[in-house]
Amino acid sequence: MTTATTEAKADAVRAALGEREGVLVAFSGGVDSSVVAALAHDALGDDAVACTAKSETLPDAELDEARRVADEIGIHHEVVEFSELDNPDFVKNDGDRCYHCRTMRLGRMYDAARNLGIDTVCDGTNASDPGEGHRPGLRAVEELEVFSPLLAHDVTKEEVRAIADSYGLSVADKPAMACLSSRIPTGVEVTEERLTRVERAEALLRDWGFSQFRVRDHDGLARIEVGHDELERALDPDFARAANDHLSELGFDHVTLDLEGYRTGSVSPADEDDEPLVEDVFAQEYPSD
């Protein structure tokens with residue numbers, strides 16, 4: 001249930017969007033962009049469009065989900081295509097990978113908006129995002145002058161979920177889902193082969209009933225992370241055997257389970273001044289007795 005303060009913020013976002021002649025929402029189908037799309041559709045009706053950029057880093061399941069959620073909201077949905085792998089700065093996967101990705105992705109959004117006669121591109125950046133560590137993608141949002149209505153009206157992540165719940169959106173409790181390239185450690189090149197095997201590995205975990213997970217690709221070593229409340233299931237010998245067999249078939253040389261569990265940013269640098277680092281998961285020394 002939304003509080004009076006959250007409702008007031010939602011009204012302010014709705015009013016700000018309603019002042020535009022039309023908006024194109026950079027739409028992933030996650031909770032943030034879905035809330036912006038719902039508010040924009042309320043404010044502008046058919047003059048609001050949701051747009052999803054399809055590329056190698058977007059799992060097919062997430063594109064299907066975006067289509068479904070756009071239909072749930074009732075907003076017109078466009079899909080554009082591009083390839084981050086065309087950009088060598090993205091492929092080399094330094095600390096600014098997300099900046100290069102977001103610049104290309106939002107560039108395609110502006111192309112789509114111009115084709116539709118829309119001047120405003122907006123995204124789902126919320127008031128909690130700038131304080132969540134290394135976020136070079138936000139620099140692209142600022143440079144391209146993308147309108148971030150949730151950020152502009154101080155809507156936090158918790159309030160975003162409350163607004164989504166008030167709309168009855170099915171993604172109100174959906175966990176964050178970063179693009180597939182976030183599974184590849186900084187300094188290891190992003191390739192179609194690595195993206196594909198990560199996507200297929202995570203599809204298996206989804207089919208097996210896990211809800212919060214990542215499969216990190218350490219240049220052929222798969223590091224499986226699952227939510228802390230699901231870790232006991234992952235420690236089951238039958239799961240270990242199945243995971244090893246299936247992920248080996250996908251092309252991984254070794255399959256491991258991270259006993260610390262799922263956490264965001266576990267292969268990213270802590271800040272922009274860090275040198276690119278490939279994490280060595282075997283580097284720890286343990287007592288022998």
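Reader: Where is the place of D154?
Author: This is a predicted model, in which local features need pLDDT of at least 70, side-chain atom pairs count only at pLDDT 80 or more, and totals for chains, interfaces and linings use all residues. Residues are numbered from 1 along each chain as its sequence is written, and side-chain values use heavy atoms, with hydrogens and water left out. Helices (H or I, at least four residues) and strands (E, at least two) are DSSP runs, numbered from the N terminus. D154 is placed in the loop between α7 (149-152) and α8 (157-167).

Reader: What value is the phi of D154 near?
Author: Most residues other than glycine have a negative phi. D154 is a residue other than glycine with a positive phi, and the value is near 60°.

Reader: Which relative accessible area makes D154 partly exposed?
Author: Buried means under 20% relative accessible area, exposed over 50%, and partly exposed in between (1.4 Å probe, protein chains only). D154 counts as partly exposed because its relative accessible area is 45%.

Reader: What is the relative accessible area of N93?
Author: N93 sits in the loop between α4 (88-91) and α5. Its phi is positive, near 60°, in a residue other than glycine. N93 is buried because its relative accessible area is 0%.

Reader: How far apart are the end C-alpha atoms of helix α2?
Author: Helix α2 covers residues 31-44 and has 14 residues. The expected span is 1.5 Å times one less than the number of residues. For α2 this gives 20 Å, which agrees with the distance between the end C-alpha atoms, 20 Å.

Reader: Which residue takes a positive phi just after α2?
Author: The phi there is about 60°. The residue just after α2 with this positive value is G45.
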